[in-house]
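This report describes selected features of one chain and its contact with a partner chain. The sequence and structure are shown first.

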Amino acid sequence: MGVIFLLIGISLIVAGGFLAAFFWAVRSGQYDDEYTPSVRILWDDKKPENSTSIDNNSTTVNKP
Amino acid sequence: MKESPVEISVSERKPTCVHCGEACDTTHIVHNDLDFCCEGCQWVYQILHDNNLQEYYKIQQSPGINQRVREATDYAFLDEPEIQQKIIDYASSHLIKVTFHLPAIHCASCIWLLEHLYKLVPGVSRSQVDFLRKKVTIHYDPTQVTLRRIAEMLEHIGYAPSLNMGQLEEKKLPVVPRKLYYQLGVAGFCFGNIMLLSFPEYLGIEGDQASRWFNYLNWGLGLPVLLYGAQDYLKSAWHGVKNGGLNMDVPITLGIIALFVRSTIDIFGNYGSGYMDSLAGLVFFLLIGKWFQQKTFHHLSFDRDYKSYFPIAISVWQEDRWTTIPLSKVEPGQRIQIKNNQLIPADGILLTPATQIDYSFVTGESDPVFKRAGDTLYAGGKQIGSPIEIQVTKAVGQSYLLQLWEDRAFTQKKETRDHRLADQIGTYFTVAILTIAGITFLYWSGKDLNMALVTVTSVLIIACPCALALAIPFTYGNVMRLLADKNMYLRSTRIIEEIQRLTHIVFDKTGTLTAVNDYHILFHGTPLSEAESVLVRSVAHASTHPLSHQLDLYLNKYQLGSIEDFREEPGQGVTARVAGQVVRIGSANWTGAPNPGSNGKQSVHISIDGTYRGNYLYESRYRASWRKTIKVLARDYQLSLLSGDGDRELRRIRSVFPAASTILFNQKPKDKLEYIRALQDAEQRVMMIGDGINDAGALQASEVGLVITEDINNFTPASDAIIHNGLFPYLPQLIQYTRLSRRVVFGAYFLALLYNVVGLSFAVQGMLSPLVAAVLMPISSVTMVLYGLSASTLLLRIMKLNELPQADWVQTKVDDLYQFTT
């Protein structure tokens, strides 16, 4: 029966981790703008253009 | 005079621009089988296409901003390190973060394009849009691109940044109160976990030795809730008590402390399991209420002062050429240049021969003033016509007309005390609870001292400030949201209470009772033929005078001919040759009118080839149903009218306003402010309804300053409420709704009272177990939330206000954007 204390202890630590994650999310500004992400999410990702010959010197553009 | 609708065949139907969606009437360009309304639009389309940004046109139809009027703004001032420092958020050697305000952002495509700015401007690494605030934050490498280049590029694609002096002086405050989110996180986390750990208690399972540890854990989880989550309530209650006044936070704090103290004793003394779940729940619900109440409208600004109207930089004649320098650096003695539609930023003497200045901005006078070389021009006036030069006589901050802002109405912050009603209730409540606690203690102390302590703390615990504290946030918070849905925006829920206490309403005339730039135009004289109308329109189109512009719009069904020899005589009129005929548009003098004098109404006279043809009379169009609106408001409020104009409308106004109301004309901004003060000295509670900066003083001084506008991007002076002008006819009902919401709040308080009675009946008998408390608290909170939300919404429906037409904000036109930059 004593194991329940261990379990509670661990679950509190895990839950605390989630709280820390929430703090981080607020801190990084995710809650400053609650509207625009709802628009962003609806965009399609651009399909990369298929090229038949692969040029070794071409650089890929990474989306930031 | 409206034409009857005409059947238009498909071939005649005007094509619409692929870029901006407007009809291609005056010009029409076809490129690659696509229609464009002007070169500008086609050009932007080309840029986007060349850079693989066609997706812009797929996300939303015709998302572009009309490019018919393009002015290349000189962004040279963005190279100045001093200015850069004030604008950018963060700088390091390889990364600079800057946030621009782009009023032209209006749709999803805009967001998409701006967030793909890196494709258009090398050096930009990322950009993020905040749609509601119409801002974009750009990260760029200063070694690859300059701030100036970015601004120029933004302007090229139609999203010119709005840069004004007000922004330079803005302190960089964190936009959102993040602390509330942290507090919510902590309270929610602890609340949930405490309830989990209290499960055995709820299920009635007998605890053994080990279960004491659950209680200790609960206590430990409750500690951050008390110390961090409830911080603001504790502080506020302390302030209230220290200053002798009881506010709503006092009973809340009493409840919280009673919960904590009782729980501490119970847990550590092993008498029971404490009330930590109720404590955490109480704080959690309170914080949610606070979050709900704190709603702000990001796309509006309630805080602009005159500096927001001034450009950041201005052209100064230095060392034999025109250079752009920051406005703050302008000194008396310098020669500056002001272009058409720009604001004069400093008092000075006119150097160019003659011009007209529109002072409606500052004084409310709608007729432009004619000025000659050597006359003094005051800051705040808008230049009409070709560019003028001024020799500055006073520094920018010391202009004559703008001294209004030194009045204490602006320097003292408007009272920000929380809700009066809540505080009053809080006072009665605290007294009542303490009395009941006292009586309970006396009753039980005779019989069983232990029981006495138990019951007293129970009373304090269950007194349920929760329900009381949630009534106003959810009711008024919802009222604010519902009003905003109808395009009436309040600065905060506190304004609702101010509106409920009003006794007197003061109106401005021009722009408030009359629609801005909306004239009823009638021609007097032998009617013009179609050919003659074309002549008149062509000349009017070329003139920059606001009346000419109105004439151009009035005649817009006629074609535009090409004109030659266009000449403008300031204060008199314009002339040009169209189709071989000399047309003159302007004053009676200028056109050779036989009998001048048009009983004070504004008019524009016409002569063609030396023959006088007649004149157009302009009558301000009053807003729809204005008479009814005034009459309805007159039933409940005293009314006044203050106008910056002359008294030519006196008779018409007198016929509508109640006989006892004060009507004053030729009011300067300071006069309006003093009038409001005089009313307040006579114990009146005043609402000022205005639209321009000439009302700024009155708006600031009155209890409620309401601004009417049709374009939220138009800079509006500091105010407490902003309303769309299409809502003017419904103003009495909206005010009535706000007043009736007070009854909803009373209903909420009545509900709270019921809960208290039930809860107290348990408490005084000493039967308040943690379980009972844990049940009553959430039930009362949830009921309060549901009641507040539904009752206020229901009230809106009962008053039929949910059927109000949805007013459309005017999208900022491109030419408006160029007004405030050099």
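## Overall organisation of chain B

Among contacts in chain B between residues at least 6 apart in sequence, 67% join residues at least 24 apart; two residues are in contact if their C-beta atoms, placed from the backbone, lie within 7 Å. This is a predicted model, in which local features need pLDDT of at least 70 and side-chain atom pairs count only at pLDDT 80 or more, while totals for chains, interfaces and linings use all residues. Residues are numbered from 1 along each chain as its sequence is written, and chains are lettered from A and ligands numbered from 1 in the order in which they are written.

Chain B contains 28 helices and 28 strands; these are DSSP runs numbered from the N terminus, helices being H or I with at least four residues and strands E with at least two. Of its 822 residues, 46% count as buried, a term that requires 20 or more other C-beta atoms within 10 Å of the residue's own C-beta, placed from the backbone. Along the principal axes, the C-alpha atoms of chain B fill a box of roughly 110 × 70 × 65 Å.

## Contact with chain A

The contact draws 19 residues from chain B and 15 residues from chain A. On the chain B side, α4 (108-115), β5 (124-130) and α7 (178-197) each supply at least two residues. The largest share, six residues, comes from α7(B). The chain B side divides into 13 nonpolar, three polar and three charged residues, where Ala, Val, Leu, Ile, Met, Phe, Trp, Tyr, Cys and Pro count as nonpolar, Asp, Glu, Lys and Arg as charged, and the others, Gly among them, as polar.

The buried residues of α7(B) include B:Y181, B:F189, B:F191 and B:L197. Their cover includes α1 (3-27) of chain A together with α9 (211-229) and α12 (276-293) of chain B.

Strand β9 (residues 335-338) of chain B has B:I336 and B:I338 on a covered face, and B:R335 and B:Q337 on an uncovered one. In a regular strand the side chains alternate between the two faces of the sheet.

β9(B) runs antiparallel to β7 (residues 313-318) of chain B, joined by two bridges; strands pair if DSSP finds at least two bridges between them. Here B:S315 stands opposite B:Q337. β9(B) also pairs in the antiparallel sense with β15 (residues 388-392) of chain B, over four bridges, and B:R335 stands opposite B:Q391 in β15(B).

Conventions. Buried ≥ 20, exposed ≤ 12 C-beta atoms within 10 Å, placed from the backbone.
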